[in-house]
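Here are my notes on the salt bridges, as requested. Please read them with the structure open.

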Amino acid sequence: MTESAQLPAEIRSGVLNNAGGVYNHNLYWNSMTPHGHCCPVGTLAQAINRQYSSFAMFQQQFKNNAMAITGSGWTWLIADGDGELTIVNTANQQVPDLQQAVPLLVLDIWEHAHYLQYRYNRERYIENWWNLVNWNHADALYRQCMTA
Ligand SMILES: [Fe+2]
């Protein structure tokens, strides 16, 4: 995935679609726990408050991004090597540029992720997802990217 330009052109999009599907869902599962905290912890909590003023404002921006996806995609919290946070969307099974940033959290915005429980109420799915977020995992990834 990080060297996709070297893949033969005729298999590149197929490989990226499948690898992205695995990578994205792995992080999605690891972004959640049945024992979620109310809110961010550790160094990541400090960075969120510094950059977004509050966790509530961060959540609003994350939701705005997720609601803006048309079709299938993902909403991510990523960090660069300086610890700067960004919320980004990708379409289909695309992954953010892993040469430039470390993904910390990701939310699946494919319809299959919410349809059975929430039908078309994507907003409710997003709001309830916060109850499951594994902030310890996201903070551990954040601290790793800061020391890399
Ligand atoms: Fe999915």
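1. For the accessibility terms used below, buried means under 20% relative accessible area, exposed means over 50%, and partly exposed lies in between. Glu 127, with a relative accessible area of 37%, is therefore partly exposed. The model is a predicted one.

2. How many salt bridges does the count come to? The count comes to three, taking a salt bridge as a side-chain nitrogen of Lys or Arg within 4 Å of a carboxyl oxygen of Asp or Glu.

3. Glu 123 and Lys 63 form one of these salt bridges, with 3.0 Å between the closest N and O atoms. Glu 123 belongs to helix 5 (residues 122–129) and Lys 63 to helix 3 (residues 55–68), so the pair links distant parts of the chain, 60 residues apart. Glu 123 is partly exposed, at a relative accessible area of 34%.

4. Lys 63 also forms a salt bridge with Glu 127, where the closest N and O atoms are 2.7 Å apart. Because Lys 63 lies in helix 3 and Glu 127 in helix 5, this pair ties together parts that are 64 residues apart in sequence. Is Lys 63 buried or exposed? Lys 63 has 13% relative accessibility and counts as buried.

5. Asp 139 and Arg 143 meet through their side chains in a salt bridge, 3.0 Å from N to O. Both residues are in helix 6 (residues 135–147), four residues apart, or about one turn of the helix. Asp 139 counts as buried at 6% relative accessibility, whereas Arg 143, at 40%, counts as partly exposed.

Technical notes. Residues are numbered from 1 along each chain as its sequence is written. This is a predicted model: local features need pLDDT of at least 70, side-chain atom pairs count only at pLDDT 80 or more; totals for chains, interfaces and linings use all residues. Side-chain values use heavy atoms; hydrogens and water are left out. Helices (H or I, at least four residues) and strands (E, at least two) are DSSP runs, numbered from the N terminus. Buried means under 20% relative accessible area, exposed over 50%, partly exposed in between (1.4 Å probe, protein chains only).
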